Amino acid sequence: MSALKIKKGSSKHSAYNLRSSFGDEIQTHTLAILVDNEAGVLARVIGLFSGRGYNIDSLTVAEVDHEGHLSRITIVTTGTPQVIEQIKAQLGRIVPVHEVHDLTVDGPHVERELALLKVGGKGEKRVEALRLADIFRAHAVDSTLDSFTFQITGTPEKVDAFAELMRPLGLIEIARTGVAALSRG
Amino acid sequence: MTSHMTGAKMVVQALKDQGVDTVFGYPGGAVLPIYDEIFQQNEIRHILVRHEQGAVHAAEGYARSTGRPGVVLVTSGPGATNAVTGLTDALMDSIPLVVLTGQVPTFMIGSDAFQEADTVGITRPCTKHNWLVKDTDKLATILHEAFHVAKSGRPGPVLVDIPKDVQFASGNYVSGKKVPASEYKPKLKGDIELIKKLVEAIEQSEKPILYTGGGVINSGTAASQLLRELVKSTNFPITSTLMGLGCYPASGDNWLGMLGMHGLYEANMAMHDCDLMINIGARFDDRITGRIDAFSPTSKKAHIDIDPSSINKVIHVDIPIIGDIAHVLDDVLNMWKARGRKTNSAAISKWWAQIDEWRSVKCLNYKNSKKTIKPQFALERLEELTRNRSDRYICTEVGQHQMWAAQFLGFEQPNQWMTSGGLGTMGYGFPASIGVQIAHPNALVINVAGEASWLMNMQEMGTAVQYNLPVKQFILNNERLGMVRQWQELLHGERYSHSWSDALPDFVKLADAFGAKGIMVSDPADLDDAILEMVSYDGPVLFDCLVEKHENCFPMIPSGEPHNKMLLGEAETGDAIGSSGAVLV
């Protein structure tokens with residue numbers, strides 16, 4: 001690649017993509033963004049991601065402070081460390097954005113997601129679905145004679161695992177909220 | 001002071017409160033109430049352009065030459081969409097603008113009404129921020145906030161979309177002083193620990209270079225003064241991007257000229273070989289860095305910028321300092337002086353000897369002709385015959401002429417050079433020159449243009465004539481899209497696909513038709529007299545300078561190559577651009 005035949009990482013003070021320390025492995029980060037709850041603010045955040053080619057794995061948003069008109073946006077995104085840094089800096093530039101926290105970097109944090117799963121079936125499959133739901137502490141929030149709707153909360157991995165188990169038992173539909181996250185302590 | 005008035009009146013009142021003296025605009029159905037208010041007062045001057053894109057570029061010219069935000073007023077729908085190119089241009093070059101657009105009444109929004117467009121949606125990615133005002137009571141606060149956001153931090157264009165019913169309705173006006181403090185407060189002072197690291201690097205460096213950009217100009221005249229002091233007291237060499245020309249005087253001893261794709265050999269070589277690069281208000285644009293993985297491979301890099309997202313965006317830096325240039329340079333200078341004004345002067349003398357060797361290459365040399373006017377020669381003569389004017393302002397369009405202007409004209413002061421850098425907008429220069437002349441009525445305002453760029457906004461001749469603005473349109477006419485033609489020659493096997501026009505107007509007759517003066521010159525021997533005639537004429541001049549049609553712009557760093565692989569002239573162009581470079585623009 002390099003016309004100058006410089007080995008990657010061989011120069012201490014050089015353009016960034018010669019540095020091994022800068023890293024080009026793809027990482028997943030959870031960002032919490034506090035914004036003014038005003039018209040178009042979500043479009044600004046999403047437009048930033050699409051306009052600059054960043055990824056959104058999951059996104060949740062709701063008003064968290066009625067008096068202060070503040071909403072909290074939680075975004076799970078992936079990218080190289082340099083891209084993650086850019087995403088945070090670019091988010092910080094948006095005028096109605098107050099705070100940007102990288103929960104993945106800031107320390108231990110809790111991530112939870114809620115999902116609703118509609119599972120159809122009769123006989124032994126129906127009993128098995130109910131049994132597994134109990135193990136996962138999922139609640140049946142709606143039922144008919146040939147279907148259940150389960151509500152499950154947990155980490156995205158737990159929701160994934162539960163959905164995988166429900167698939168052969170007659171999973172019809174799934175709705176997920178995306179991740180909400182807070183730092184611990 | 002709060003008082004009750006209509007939304008339309010509030011707009012005019014808020015502009016007065018903000019010290020606005022000029023608005024560039026074009027009326028239409030959705031802004032008629034505001035135009036009615038403008039009609040009934042004399043403090044704010046409205047300049048009627050001929051196209052909304054012209055209004056925004058004129059406001060950019062006004063803003064760049066004064067340091068104050070430019071103000072634009074246009075109608076809904078097509079008025080707003082025509083403004084989009086100018087907004088994007090201002091965003092890329094960090095120019096403060098406040099653009100006011102009319103909108104259909106709130107109760108009709110979303111109904112595909114006549115001249116309705118989703119203006120805030122369309123302009124969201126091309127403004128620093130924008131607002132749709134749905135309540136007359138909030139209008140004044142939003143307008144004051146709009147000026148604050150446009151001017152603060154890294155400046156940029158903002159847009160306020162005002163539905164017609166909001167203009168008619170009455171509400172409480174809040175003056176600028178009474179508006180609650182804005183939440184938007186970018187950091188001005190740099191981190192003192194990092195400034196200390198930079199001072200240490202300045203003390204130790206053997207091969208330093210200052211790489212400055214438009215941020216110095218945006219920071220204000222104090223930043224340019226501090227920069228000049230820094231250069232003078234350290235004897236460091238200094239180069240600048242296209243956007244930063246004028247923050248250090250071209251006549252200064254330490255000036256290496258512009259750097260980058262068409263920058264000077266000595267500037268690019270010094271960037272490549274330096275051991276300390278201090279980036280002051282520039283952004284490692286791809287026109288500057290060339291090939292990223294071979295960009296200045298042995299240097300420690302410092303970067304001073306008010307925008308945190310500029311840091312490490314393209315090039316990893318060792319000393320990132322987030323803050324306003326003037327604040328940071330003041331701290332750097334004070335600390336450096338307090339620590340004994342140390343530099344490695346012996347090594348720096350050796351560095352200058354090396355730079356002088358590069359200078360002796362005389363990279364701007366070109367083969368002159370007695371028969372045809374070379375574009376470089378035309379600019380050399382323009383420079384010679386107008387350099388004594390301290391009130392000379394230069395605008396450009398985009399292309400070869402722009403690069404030649406940057407190479408051959410010297411800028412002694414900031415805010416006297418207006419060019420579309422980031423977006424590269426053909427059609428920028430003419431309306432920008434109108435904005436500059438409005439702000440500086442007695443100054444010599446010259447737009448160095450190519451004939452193709454100039455034609456893109458030629459309707460503004462009407463504006464120039466109506467307001468008797470003595471703007472000089474210095475057209476280097478090669479009957480080609482020169483830069484496109486150059487790339488086709490170097491990259492696309494000399495297949496000149498659509499890079500010339502077979503139907504150019506007679507520019508002298510065109511000037512005549514608009515009621516301006518036209519001058520045509522084709523003989524090098526007549527050039528000086530023609531330029532003097534242009535300068536001394538009191539009114540707009542269309543100067544049609546017929547130049548060599550196939551001249552290429554050198555030096556040039558071919559796409560995909562590092563700084564030390566410059567092409568200096570025709571002989572070197574062979575296979576200079578590899579296939580991987582050909583995909584780059």
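## Strand β2 of chain B

In this predicted model, strand β2 of chain B spans residues 22-26. The strand is mostly covered, with four of its five residues buried. Its partner is strand β3 of chain B, residues 45-48, to which β2(B) is joined by four bridges. The two strands run parallel, and Thr22(B) of this pairing stands opposite Arg45(B) in β3(B).

## The six-stranded sheet of chain B

Chain B also holds an open sheet of six strands with parallel pairing, in the order β11-β10-β9-β12-β13-β14. Its edges are formed by β11 (255-258) and β14 (319-322) of chain B, each of which pairs on one side only. From one strand to the next, the twist averages 15 degrees.

Two helices of chain B lie across this group of strands. Helix α12, residues 265-273, lies across β9 (208-212), β10 (238-240), β11 and β12 of chain B, and runs at about 105 degrees to β11(B). Helix α14, residues 325-338, lies across β12, β13 and β14 of chain B, with an angle of about 130 degrees to β13(B).

## Strand β12 and its neighbours

Strand β12(B) stands between β9 and β13 in the order of the sheet. On the one hand, β9(B) and β12(B) pair in the parallel sense over five bridges, and Pro208(B) has Leu276(B) in β12(B) as its bridge partner. On the other hand, five bridges join β12 (residues 276-280) to β13 (residues 300-305) of chain B, again with the strands running parallel.

## Ile311 in the loop between β13 and β14

The loop between β13 and β14 of chain B contains Ile311(B). This residue has a relative accessible area of 10% and is therefore buried, the cut-off being under 20%.

Ile311(B) and Ile322(B) are 11 residues apart along the chain, and their C-alpha atoms are separated by 8.1 Å.

## Composition of chain A

Chain A contains five helices and nine strands. From the N terminus on, these elements follow the order β-α-β-β-α-β-α-β-α-β-β-α-β-β. The chain has 185 residues, of which 41% count as buried. Among its contacts between residues at least 6 apart in sequence, 70% join residues at least 24 apart. Chain A exposes about 10,100 Å², and carbon and sulfur atoms supply 54% of that area.

## Aromatic rings and charges

A pair of aromatic rings is described by the distance of the centres and the angle of the planes. Over all chains, the count of aromatic pairs comes to 14. One of them is formed by Phe136(A) and Phe162(A), a tilted pair at 5.1 Å centre to centre with 45 degrees between the planes. Phe136(A) belongs to the loop between α4 (124-135) and β6 (139-144) of chain A, and Phe162(A) to helix α5 (residues 156-166) of chain A, so the pair ties together parts that are 26 residues apart in sequence. Both of these phenylalanines, Phe136(A) and Phe162(A), are buried. In chain B, the planes of Trp351(B) and Trp358(B) stand at 90 degrees with the ring centres 5.8 Å apart, so this pair is edge-to-face. Trp351(B) and Trp358(B) are both buried.

Ring pairs also link Phe136(A), Phe148(A), Phe150(A) and Phe162(A) into a cluster. Over the ring of Phe148(A) sits the charged end of Arg126(A), 4.2 Å from the ring centre. In chain B, the charged end of Lys517(B) sits over the ring of Tyr537(B), at 5.3 Å from its centre.

Conventions: Residues numbered from 1 in each chain as written. Chains lettered and ligands numbered in written order. Predicted model: local features only at pLDDT ≥ 70, side-chain atom pairs only at ≥ 80, totals over all residues. Heavy atoms only, no water. Pairing = 2+ DSSP bridges. Axes fitted to C-alpha atoms, helices over the stretch in contact; angles between N-to-C directions. Contact = heavy atoms within 4.5 Å. Phe/Tyr/Trp six-rings, centres within 6.5 Å; stacked < 30°, edge-to-face > 60°. Buried < 20%, exposed > 50% of the residue type's maximum accessible area, 1.4 Å probe, protein only. Lys NZ or Arg CZ within 6 Å of the ring centre and 35° of its normal. Areas by Shrake-Rupley, 256 points an atom, 1.4 Å probe, with all protein chains shown as cover.
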